[in-house]
Amino acid sequence: NSRWSLAGKTALVTGGTRGIGYAVVEELAELGAVVHTCSRNEAELNQQLQEWSAKGFKVTGSVCDLSSRPQREQLIEKASSLFCGKLDILVNNVGTNYPKPTTEYTPEDYSMIMSTNLESSYHMCQLAHPLLKDSGAGSIVFISSVAGLLHTSIGSIYSATKGAINQLAKNLACEWAVDNIRTNSVAPWVIKTSLIEKLKTIIDGEKFTRDVESRTPLKRLGEANEVSSLVAFLCLPAASYITGQTITVDGGFSVYGF
Ligand code: NDP
């Protein structure tokens, strides 16, 4: 049934070598999409590409630092030539965080988190627009965060970028509806990835895990493939009337008042 398949679709997923991006690449490829991804580490990228090829998935990759404007332009040129100018799916997944109290953030911290999380996603949408338009039924998914909706004490700059991404999804949903491009935002709570491992070395990791587990109705952290399933759903023809939404994947955290 073609409503539940991505066969013949083309997808660009940023940051696909680890964590949520990795799970999204696999999920889209498993549903039949041809996927291009990127990361900054060439050795790790090649390793994952080999594994995907062994699994029979059609995935290619480029080394790209998504916080660099010229490198983003090169990435889109590459995707455009691979996919003959037609892109059906863009997943803006790359994001980073460095939690500090607001009064301690430096101008460099601010620029680094803003450019990696918000400016890169914004520019990728601008660059991908003609390709998504050519698809005739494009889908953009942003990986946002529950931190963009609620205070979570993991950094005010990070949270501001994620709040902005949720709004961007709403704006583009309306502005690009005329091109039949749908735009949605997926907001995960704490998911077991290398980003969270890094975070736990900066803050008190054990306390963080305990707090998260106790305040999350499902009493556990999430898995990357529990996020990628929603991302894939939003890209399917079955989701053709869903646009402009921010949907949480959070084990009930955001509805737990007491
Ligand atoms: P990870 O750090 O585990 O993985 C990030 C991926 O993106 C890696 O493949 C990494 O490869 C790549 N990447 C990072 N920075 C860049 C860059 N500047 N240019 C190109 N590639 C880059 O992160 P997660 O999977 O945890 O997070 C993915 C997204 O999900 C982020 O936007 C994050 O904010 C969001 N999120 C995560 C949550 C969580 O709990 N894990 C919760 C809510 C949202 P490399 O470093 O080699 O470049």
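Colleague: Let's begin with the second largest pocket: by class, how many charged residues does its lining have?
Modeller: Happy to, and please keep in mind that this is a predicted model. The lining of the second largest pocket has 6 nonpolar and 3 polar residues. Its charged residues number 4.

Colleague: Good. What volume does the largest pocket have, and which residues are the closest to its centre?
Modeller: Rolling a probe the size of a water molecule over the atoms shows where empty space is left. For the largest pocket, the volume comes to about 920 Å³. Its lining has 42 residues, and the closest to the centre are Asn 93, Val 94, Gly 95, Thr 96 and Leu 195.

Colleague: Which element gives the largest share of the lining of the largest pocket?
Modeller: Elements that give two or more residues to this lining are helix H1 (19-30), strand E2 (34-39), helix H4 (107-135), helix H5 (156-175) and helix H6 (194-202). The largest share is 5 residues, and it comes from H6.

Colleague: And by class, how many nonpolar residues does the lining of the largest pocket have?
Modeller: Let's take the classes in turn. The lining of the largest pocket has 5 charged and 18 polar residues. Its nonpolar residues number 19.

Colleague: Is Arg 72 buried or exposed?
Modeller: A residue is buried when its relative accessible area is under 20%. Arg 72 has 0% relative accessibility, so it counts as buried.

Colleague: What about Asp 109 and Lys 100: how far apart are their closest N and O atoms?
Modeller: Asp 109 is buried at 14% relative accessibility, while Lys 100 is partly exposed at 25%. The two form a salt bridge, and their closest N and O atoms are separated by 2.6 Å.

Colleague: Which residues do salt bridges that share partners join into one network?
Modeller: Glu 119 and Arg 72 came up above as a pair in a salt bridge. Shared partners make them part of one network, which joins Arg 69, Arg 72 and Glu 119.

Colleague: Turning to the surface, how much accessible area does the nonpolar patch of Tyr 98, Met 112 and Ile 202 have together?
Modeller: Tyr 98 is found in the loop between strand E4 (89-92) and H4. At 35% relative accessibility, Tyr 98 counts as partly exposed. Together with Met 112 and Ile 202 it forms the patch, whose accessible area is about 230 Å².

Colleague: What separates the C-alpha atoms of Ile 242 and Ala 29?
Modeller: Ile 242 belongs to the loop between helix H8 (225-235) and strand E7 (246-249), and it is partly exposed at 25% relative accessibility. Along the chain, Ile 242 and Ala 29 are 213 residues apart. Their C-alpha atoms are separated by 22 Å.

Colleague: Now the backbone. What is phi of Cys 84 near?
Modeller: Cys 84 lies in the loop between H3 and E4 and counts as exposed at 71% relative accessibility. Its phi is positive, in a residue other than glycine, and is near 55 degrees.

Colleague: Finally, what is phi of Lys 219 near?
Modeller: Lys 219 lies in the loop between helix H7 (205-215) and H8. With a relative accessible area of 48%, Lys 219 is partly exposed. Its phi is also a positive value in a residue other than glycine, near 60 degrees.

Key
Residues numbered from 1 in each chain as written. Predicted model: local features only at pLDDT ≥ 70, side-chain atom pairs only at ≥ 80, totals over all residues. Heavy atoms only, no water. 1 Å grid on protein atoms, 1.4 Å probe; cavity = no way out; pocket = protein on both sides within 12 Å on 5 of 7 lines; lining within 4 Å. Points joined across faces, edges and corners; volume = space filled by probe spheres on them. Helix = DSSP H or I, 4+ residues; strand = E, 2+ residues; numbered from the N terminus. Nonpolar A, V, L, I, M, F, W, Y, C, P; charged D, E, K, R; others polar. Salt bridge = Lys/Arg side-chain N within 4 Å of Asp/Glu carboxyl O. Buried < 20%, exposed > 50% of the residue type's maximum accessible area, 1.4 Å probe, protein only. Patch = residues over 30% accessible without salt bridge, like charges linked within 9 Å, V, L, I, M, F, W, Y side chains within 5 Å. Areas by Shrake-Rupley, 256 points an atom, 1.4 Å probe, with all protein chains shown as cover.
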